[in-house]
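Have a look at the fold first, then read on.

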Amino acid sequence: MPTTALPKIGVILLAALAGLGTALPVVAATCPTAPVSVPDSPAPRTPPAGAPVPAPSLSGAWPSLAMPPSRCPAVALVGVHATYNVGPGKHYTSLIDVPWLDLVAGDVVNIYYSPTPYATKIALRAAGTAAKPVIINGVADSKGRLPTITGKNAVTAADAIKQKFFTSSGGSTIEPFGVIVMYRGLNDQYGYKPTYVTIQNLRITGAAPGNKFTDHTGATQTYPEFTGGFYAVAAQYLTIQNNEIFGNGLGVFVNDQNDTPGTSFFTTLRGNYIHGNGAPGSFLEHNVYVQGVRSLYEGNYIGQLVAGAQGGSLKDRSSGPVVRYNYIVSAARAIDLVDSENGSPDTNNDPLYNYGWVYGNVIVDDFSNPGGGSGDLIHWGGDSTNYATYHNGPLYFYDNTVVVKATQAQAYSLAVFDMASNKQTIVASNNIIAHSGTSVLNPCYASLPNGTVGVLKFDDTNWVAHYTSNGDCTIDKSAGTFLAGNPVLATDDHLPTGSPAIGKGVAFAPPQALPKPASVADLQVKDQYTPGPYATAPRPAFVARKTPSDLGSYSYP
């Protein structure tokens with residue numbers, strides 16, 4: 001795999017995936033050390049209006065290969081083009097005066113820890129390249145504390161006001177929708193979109209329904225329910241990594257429109273701690289909500305929502321989604337992979353639209369948690385009742401550990417999987433599905449069914465707690481084996497000594513040929529989730545797995 005090391009940002013390696021045409025940013029193979037000095041660049045010139053961004057090639061291998069370590073110390077970086085330092089005693093003492101809308105390929109903004117949160121609403125339109133991404137980088141203090149950007153009582157950044165970012169028809173619509181908002185600028189051509197942007201090592205909060213902010217006119221506005229820590233109208237090669245995102249209506253929202261100019265491509269969420277978002281009484285806001293072509297989620301901790309919120313932990317409307325090596329605590333749903341909502345032709349016509357992969361995750365459904373639990377954890381297909389546009393194909397679900405805890409008083413019955421029709425299949429292999437409590441465990445539930453039921457196909461070996469079939473799916477065990485007895489796990493969800501699940505796993509081998517963009521080699525289980533060391537909050541990540549031959553998300557020991 002060829003790599004390009006940036007001469008100044010030596011900590012980031014960019015792998016050119018064979019046949020992709022453009023490169024995908026991937027995890028650094030080595031971590032950075034703090035530079036001796038971080039020079040300040042002079043104020044930039046306003047770049048020319050952006051031209052339409054062409055759609056990337058979809059012919060290369062998917063997904064990109066994970067390369068541990070997935071989390072590195074939050075130190076300052078030096079941009080290959082320009083560097084802007086923000087914080088106490090720095091060139092910019094606040095985020096308000098940073099030239100956000102003038103950032104170009106190779107720029108780095110270092111945001112240093114401050115005991116007082118940065119209360120600023122930021123607009124981004126930057127376009128980096130594979131070799132020179134634009135990086136918004138948090139820098140921790142000596143105690144490991146990350147800088148916080150809050151939308152509560154925030155003011156709009158000065159350049160967004162000067163350049164009239166929020167005065168276009170689209171811009172004025174989205175001003176209340178996020179702390180960091182990504183869209184084209186007032187003078188950019190239709191089809192321009194932020195590209196190759198990485199946002200990392202930050203705490204993003206405060207865009208919660210009811211909180212106030214000062215808009216570009218100086219007026220006080222109130223955030224609606226559907227507002228996010230990150231809100232992207234459309235983006236290409238957006239990477240959000242190693243952040244804590246909490247206390248917003250939506251944690252992360254990436255949209256997808258009904259044409260190529262408005263389509264988002266290759267969104268990656270890696271190593272984030274996303275929790276406590278949502279709107280009380282509403283089911284429309286989620287910790288993560290992404291639409292587009294080929295989204296990747298790896299090494300994240302995705303927790304429950306704020307009390308009273310009814311949304312999900314992770315909701316995705318992308319083609320070919322990959323969810324791997326995460327720790328997910330279920331809200332209304334743990335993983336909700338459904339149909340494209342806005343009808344982007346690039347999303348719907350992607351050869352991987354009808355495929356999804358969920359592997360190497362720990363998925364917890366505990367009704368004793370403050371937010372309760374889920375009656376149907378993993379949803380595959382769609383929720384629009386336009387069944388022709390559902391993911392009408394297989395979801396490969398393998399090497400996961402699912403932990404369900406509920407009494408009949410908390411939930412008389414619940415289900416692990418949810419499919420709407422006989423066009424959906426879930427292929428389950430090498431999993432552990434554990435259940436404790438007196439609730440009735442069903443394998444499937446059919447929400448918004450079309451009168452038919454999906455297929456739950458058990459391949460290879462699984463260790464599944466006793467379940468009661470309710471007829472909401474067809475269960476096919478013809479190619480699968482179940483370990484005897486109810487699964488037993490250690491308190492940290494690992495395999496205990498002597499577990500019958502040790503040595504019973506096999507490498508991922510789909511029972512049918514995959515479309516060529518899907519890389520079976522890169523879909524093998526090579527890593528596992530780890531909580532990692534942390535100062536004041538979890539710092540999720542993933543590490544190399546010792547062996548893929550044990551069932552569940554963790555290898556033994």
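C444 sits in strand β36 (residues 440-445) and C473 in strand β38 (residues 473-482), so the bond ties together parts 29 residues apart in sequence. Strands here are DSSP runs of E, at least two residues, numbered from the N terminus. The sulfur atoms of C444 and C473 are 2.1 Å apart, and a disulfide is a pair of cysteine sulfur atoms within 2.5 Å. Both C444 and C473 are buried (under 20% relative accessible area; exposed is over 50%, partly exposed in between, with a 1.4 Å probe and protein chains only).

This is a predicted model: local features need pLDDT of at least 70 and side-chain atom pairs pLDDT 80 or more, while totals for chains, interfaces and linings use all residues. Residues are numbered from 1 along each chain as its sequence is written, and side-chain values use heavy atoms, without hydrogens and water.

## The other bridge

C31 and C72 also form a disulfide, with sulfur atoms 2.3 Å apart. C31 and C72 both belong to the loop between β3 (24-25) and β4 (82-86), 41 residues apart. Their S-S torsion is about -80°, so this disulfide is left-handed. C31 is partly exposed at 34% relative accessible area, whereas C72 is buried at 18%.

Counted along the chain, the bonded cysteines follow the pattern 1-2, 3-4.

Notes: Helix = DSSP H or I, 4+ residues; strand = E, 2+ residues; numbered from the N terminus.
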